[in-house]
Amino acid sequence: MAQGVPDEVLMNTTLIKELADVAKDAALLQGILMRIHESPNSSEVLTYAPFTLFPTVVPKAVFLQALAVQTHYNTLVDKISQDPDFLQEALTSTTEVDDFTARLFRIHQQILKEGRSQSIVLGLNRSDYMMDQRNDGSSSLKQIEINTIAASFGGLSSRTPDVHRHILKVAGRLEESQRIPDNNPAAGLARAIAKAWELYGSERAIVMFLVENRQMNIFDHRYIENELWKRNIPTKRKLFEDVWKTGSLDQDKRLFVDGEEVAVVYFRNGYMPQNYVSEQSWDARLLMERSLAVKCPDISTHLAGTKKVQQVLARPGVLEKFFPDQPQVVEQIRATFAGLYTLDMGPEGDKTVEMALAAPDQFVLKPQREGGGNNIYGSEICQVLQEVKGSTERMAYILMDKIHPAPVQNILLRRDAPLKISECLSELGVFGAYVRQGKEMVMNECVGHLLRTKSSEHSDGGVAAGVAVLDNPLLV
């Protein structure tokens, strides 16, 4: 079973067809739902969110390592967000050439100048990893990135364990069905939002989900919304457009949108340049940042999740600044770092360019973007670097060692897609949630996980981008 799915199961086409039908119905029964491309804003016609037919084997030690380090990552992100000098130093070169990061940074500077209105900080993040296969056959956990804004699939991944347990039982593999860990990120993420709402201290005030115009993945949000409604915490879904049309601050800087006071702004939008369709979108972002509402994330926490910050953290001595006298914590975090290299102007950046051009298949070139599907691989790295190597434009990127996970065989279930065995790679995300009030950390938890799997022919892209599918770890 090291492979995950035994060959006799994979090769039995009658059984696979039967299991796939059972699996799709099980997913629908569990509410693992998405709207369809043709009508992304209507719940009249729905389909199941794509997922693997079988769970994927994950070494238990690696899984537990990822969970154990998450509270330290929460602390690290929070400490970075409170260190304007570090952010300034880390991001100066990037803001010179990356307009999107520069605009976010200007809002950050304006808030610093005016003074933060709110001492309550709410962080919901997801740290993503792959298992790097060493030559001796063992694997080690390596971080791909940390998402500090709009980290998705906490809702749907709360419902997937029961589907895979059911499939394994139907396939006659009862013992394995018991090795899929429980998972409920939706409850943990909602608990943190609820805590921030309570601390804000107004029962009438709402939690505002700031959402995109296209809402295919609405059910992922709905699970978190429903957890809040169970606690009698009112939630509303709003677009950037609603905020700039009807948003205002009173003299105490309380935020009102459509006449309702907003206690918490939960950003499920605003992480990509195309989310800001006009200057008014930027005005709306600034209005929210200046307000008394608790922002998830606030602008400095958003910037703490940039790729450039990730690369700077990997430099010798940097983690020690954030965790003085905590060598074990530094060691736990650093153990998850892959090699990260600067492309700033100067000898160090020049060396990175040469290294990448000499062996492009060993690296990934990363721009400062979220949302999946942005990274550059293989021969494309050479094309991009040949174009920008002599100019400051190269500073918009960082270079990272390519992680080499061991491929496994599985079947990816997607609406209208043929049933076929694919060679797959998986990525483990771990959800963190924290709330700080002033100097006091009120909550700091690891609240669940997300396993995503994609066919190895795709280098990059997540579930929302239509490349990866939802999965569960089978612990061994």
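Visitor: Which residues of α6 are buried?
Guide: In this predicted model, the buried residues of α6 are Thr160, Pro161, Val163, His164, Arg165, Ile167 and Leu168.

Visitor: And what covers them?
Guide: The cover over the buried residues of α6 includes the helices α2 and α7 (174-177), together with the strands β3 (51-52), β20 (469-471) and β21 (473-475).

Visitor: Take α2, then. At what angle do α2 and α6 pack?
Guide: Helix α2 (residues 13-30) packs against helix α6 (residues 160-170) at an angle of about 150°, and their axes are 9 Å apart. Angles over 145 degrees count as roughly antiparallel, so α2 is roughly antiparallel to α6.

Visitor: Is that crossing left-handed or right-handed?
Guide: The crossing of α2 past α6 is right-handed.

Visitor: Which residues make the contact?
Guide: From α2 the contact uses Leu19, Val22, Ala23, Ala26, Ala27 and Gln30, and from α6 it uses Asp162, Val163, His166, Ile167 and Val170. By class, the contact of α2 with α6 has 8 nonpolar, 2 polar and 1 charged residues. Val163 and Ile167 of α6, both in this contact, are also among the buried residues of that helix.

Visitor: Another pair now. How do α5 and α11 cross?
Guide: Helix α5 (residues 99-114) and helix α11 (residues 279-290) cross at roughly 35°, and their axes come within 10 Å. This crossing of α5 and α11 is right-handed.

Visitor: Which residues meet there?
Guide: Phe100, Arg103, Leu104, Ile107, Gln110, Ile111 and Glu114 of α5 meet Glu279, Trp282, Arg285, Leu286, Glu289 and Arg290 of α11. The contact of α5 with α11 divides into 6 nonpolar, 1 polar and 6 charged residues.

Visitor: Changing topic: where is arginine 394?
Guide: Arginine 394 lies in the loop between α17 (378-388) and β16 (397-401).

Visitor: Why does arginine 394 count as buried?
Guide: Its relative accessible area is 1%, and buried means under 20%, so arginine 394 is buried.

Visitor: What does its side chain make a polar contact with?
Guide: The side chain of arginine 394 makes a polar contact with the side chain of aspartate 350, at 2.9 Å.

Visitor: Which residues does arginine 394 touch?
Guide: Not counting residues up to four places away in sequence, arginine 394 touches Leu343, Asp344, Met345, Gly346, Gly349, Asp350, Val353, Val388 and Lys389.

Definitions and conventions:
Residues are numbered from 1 along each chain as its sequence is written. This is a predicted model: local features need pLDDT of at least 70, side-chain atom pairs count only at pLDDT 80 or more; totals for chains, interfaces and linings use all residues. Side-chain values use heavy atoms; hydrogens and water are left out. Axes are lines fitted to C-alpha atoms, for helices over the stretch in contact, and angles run from 0 to 180 degrees between N-to-C directions. Helices (H or I, at least four residues) and strands (E, at least two) are DSSP runs, numbered from the N terminus. Angles under 35 degrees count as roughly parallel, over 145 as roughly antiparallel, 65 to 115 as roughly perpendicular and the rest as oblique. A crossing is left-handed if the near helix is turned anticlockwise from the far one by less than a right angle, and right-handed if clockwise. Contact means heavy atoms within 4.5 Å. Ala, Val, Leu, Ile, Met, Phe, Trp, Tyr, Cys and Pro count as nonpolar, Asp, Glu, Lys and Arg as charged, and the others, Gly among them, as polar. Buried means under 20% relative accessible area, exposed over 50%, partly exposed in between (1.4 Å probe, protein chains only). A polar contact is a pair of N or O atoms within 3.5 Å; within protein, one must be able to donate a hydrogen and the other to accept it, and residues adjacent in sequence count only if both atoms are side-chain atoms.
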